[in-house]
Amino acid sequence: MGEIDEKVVKACCHYLPNHSRDAFRDPRVSLQISDGVNFVKSGREKFDIIILDCPDPIGPGVRLFSGKFYQGCYNCLHEREIFVAQNGVFFTV
């Protein structure tokens, strides 16, 4: 799992403990605190599935909607694997 802000993970674990149910303590979980754009750009790891939950395409989050970012995600997948993106609403107000 990747997250750009460690404070988000800590706040969720503290204030919403039933959501994660100690999942971050599971040895199968690898939590990467880093910028997702830079993470996929490095292409050092390969995955069977990438599930992307993006903010709205404004401000700093706009980088997560670029062709370069999606190409980086593609490059991080094993052959014939799965990419899923939840990109919020289909319009920006």
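Is Cys54 buried or exposed? Select it and see: Cys54 counts as buried because its relative accessibility is 6%. Here, buried means under 20% relative accessible area, exposed means over 50%, and partly exposed is in between, with a 1.4 Å probe and protein chains only.

Before going further, a word on what is on your screen. This is a predicted model, in which local features need pLDDT of at least 70 and side-chain atom pairs count only at pLDDT 80 or more, while totals for chains, interfaces and linings use all residues. Residues are numbered from 1 along each chain as its sequence is written, and side-chain values use heavy atoms, with hydrogens and water left out.

**Stop 1: the whole chain**

Switch to a cartoon view. The protein chain has four helices and four strands, and from the N terminus on they run β-α-α-β-α-β-α-β. These elements are DSSP runs numbered from the N terminus: helices are H or I with at least four residues, and strands are E with at least two. Along its principal axes, the C-alpha trace spans about 35 × 35 × 20 Å.

Now try a surface view. The accessible surface of the protein chain comes to about 7,500 Å², and carbon and sulfur atoms hold 57% of that. Accessible areas come from the Shrake-Rupley method with a 1.4 Å probe, and for residues only the protein chains shown count as cover. Of the 93 residues in the chain, 17% are buried. Among contacts with a separation of 6 or more, 67% are between residues 24 or more positions apart; contact means heavy atoms within 4.5 Å.

**Stop 2: the cysteines**

A disulfide is a covalent bond between the sulfur atoms of two cysteines. How many disulfides does the structure hold? It holds zero, counting a disulfide as a pair of cysteine sulfur atoms within 2.5 Å. The closest cysteine sulfur to that of Cys54 is in Cys73, and at 8.0 Å it is too far for a bond. For Cys73, the closest cysteine sulfur is in Cys76, at 6.7 Å, again too far for a bond. Cys73 counts as buried because its relative accessibility is 1%.

**Stop 3**

Select His78, in strand S4 (residues 77-86). At 36% relative accessibility, His78 counts as partly exposed.

Most residues other than glycine have a negative phi. Arg80 is exposed, with a relative accessible area of 78%.

**Stop 4: salt bridges**

Side chains of opposite charge can pair when their charged atoms come close. The structure holds four salt bridges, each a side-chain nitrogen of Lys or Arg within 4 Å of a carboxyl oxygen of Asp or Glu. Here are some to select:

- Glu6 and Lys10 meet at 3.9 Å, N to O. Both lie in helix H1 (residues 6-15), four residues apart, about one turn of the helix. Glu6 is partly exposed at 41%, and Lys10 is exposed at 53%.
- Arg25 pairs with Asp22, their closest N and O atoms being 3.9 Å apart. Arg25 is exposed at 69% relative accessibility, while Asp22 is partly exposed at 49%. Asp22 is in the loop between helix H2 (17-20) and strand S2 (32-33), and its phi is also positive, near 65 degrees.
- Asp26 and Arg28 meet at 2.6 Å, N to O. Asp26 is partly exposed at 22%, and Arg28 is exposed at 73%.

**Stop 5: a nonpolar patch**

Finish with Met1, Val29, Leu31 and Ile33, which make a nonpolar surface patch of about 310 Å². Patches are made of residues with over 30% relative accessible area and no salt bridge; like charges are joined within 9 Å, and nonpolar side chains (Val, Leu, Ile, Met, Phe, Trp, Tyr) within 5 Å. Met1 is in the segment before strand S1 (2-3).
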